[in-house]
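Let's take a friendly walk through a protein chain. Have a look at the picture, then read on.

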Amino acid sequence: AASPITAKQIGVAYLTATSTALATAVGLNLYTKIAAVKGITQVVISRVTMAAPGMIILPILMERLEKYPFMQRIKYLHGPLQVMLVGCFLIFMVPAACSLFPQRCSMATSKLDPELKESITTMYGDKVKYVYFNKGL
């Protein structure tokens, strides 16, 4: 539980990963920038929710457990115990985090990028009020 990683390093890693994912989504989806931002934001929130208990609760739990004499005798089992506990957290958190937002997202055509909105209006007129997209996992 005593980690050499500082809170600042964790924060920088999180911000870098989130920013990179968002930038990649926007860059790859030239016509659907707003949908990409919405989808990636929801995925990032879901993944942070999924990982948070293992990253927050587990170090606190291990620090308290390591004070007991029986835990000091079985130091070689600390790693496997942590892996097992993370697995238990994930068993419950993956379904909970994936269910925070619907897989299929909708967006009003009025909120789309001008190029995409014009393309839809040209093809279908004003009949299409909403578009749907898969936000990914």
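**The whole chain**

Keep in mind that this is a predicted model. The chain has 137 residues, and 22% of them count as buried. Its secondary structure comes to 5 helices and 2 strands. If you read along the sequence, the elements follow the pattern α-α-α-α-β-α-β.

Contacts tell another part of the story. Take the contacts in the chain with a separation of 6 or more: residues 24 or more positions apart account for 68% of these.

Helix 2 spans residues 33-65.

Is L58 buried or exposed? Its relative accessible area is 6%, which is under the 20% cut-off, so L58 is buried. Leaving aside neighbours within four places in sequence, L58 is in contact with P53, Q82, L85, V86 and F89.

I56 is exposed, because its relative accessible area is 51%, and the cut-off for exposed is over 50%. I56 also belongs to a nonpolar surface patch of about 640 Å², together with I5, I10, M55, I57, I60 and L61. Helix 2 gives the largest share of this patch, 5 residues.

Now move to helix 4, which covers residues 78-98 and includes H78. With a relative accessibility of 12%, H78 counts as buried. Which backbone oxygen does the side chain of H78 reach? It is the one of M71, at 2.8 Å. Not counting residues up to four places away in sequence, H78 touches M62, E66 and M71.

P95 is found in helix 4 too. P95 is partly exposed, as its relative accessible area is 47%. P95 and S46 are 49 residues apart in sequence, while their C-alpha atoms are 9.9 Å apart in space.

**Cysteines and disulfides**

A disulfide is a covalent bond between the sulfur atoms of two cysteines. How many disulfides are counted in this model? The count comes to 0 disulfides. C88 is partly exposed at 37% relative accessibility, and C98 is partly exposed with a relative accessible area of 34%.

**A loop residue**

Finally, look at the loop between strand 1 (104-108) and helix 5 (114-124), where T109 is found. T109 is buried, with a relative accessible area of 12%. Apart from residues up to four places away in sequence, T109 touches K117, V128, K129, Y130 and V131.

**Accessibility side by side**

Here are the values for several residues from the text.

| Residue | Relative accessible area | Class |
|---|---|---|
| L58 | 6% | buried |
| H78 | 12% | buried |
| T109 | 12% | buried |
| C98 | 34% | partly exposed |
| C88 | 37% | partly exposed |
| P95 | 47% | partly exposed |
| I56 | 51% | exposed |

How values were computed. Residues are numbered from 1 along each chain as its sequence is written. This is a predicted model: local features need pLDDT of at least 70, side-chain atom pairs count only at pLDDT 80 or more; totals for chains, interfaces and linings use all residues. Side-chain values use heavy atoms; hydrogens and water are left out. Helices (H or I, at least four residues) and strands (E, at least two) are DSSP runs, numbered from the N terminus. Buried means under 20% relative accessible area, exposed over 50%, partly exposed in between (1.4 Å probe, protein chains only). A polar contact is a pair of N or O atoms within 3.5 Å; within protein, one must be able to donate a hydrogen and the other to accept it, and residues adjacent in sequence count only if both atoms are side-chain atoms. Contact means heavy atoms within 4.5 Å. Patches are made of residues with over 30% relative accessible area and no salt bridge: like charges are joined within 9 Å, nonpolar side chains (Val, Leu, Ile, Met, Phe, Trp, Tyr) within 5 Å. Accessible areas come from the Shrake-Rupley method with a 1.4 Å probe; for residues, only the protein chains shown count as cover. A salt bridge is a side-chain nitrogen of Lys or Arg within 4 Å of a carboxyl oxygen of Asp or Glu. A disulfide is a pair of cysteine sulfur atoms within 2.5 Å.
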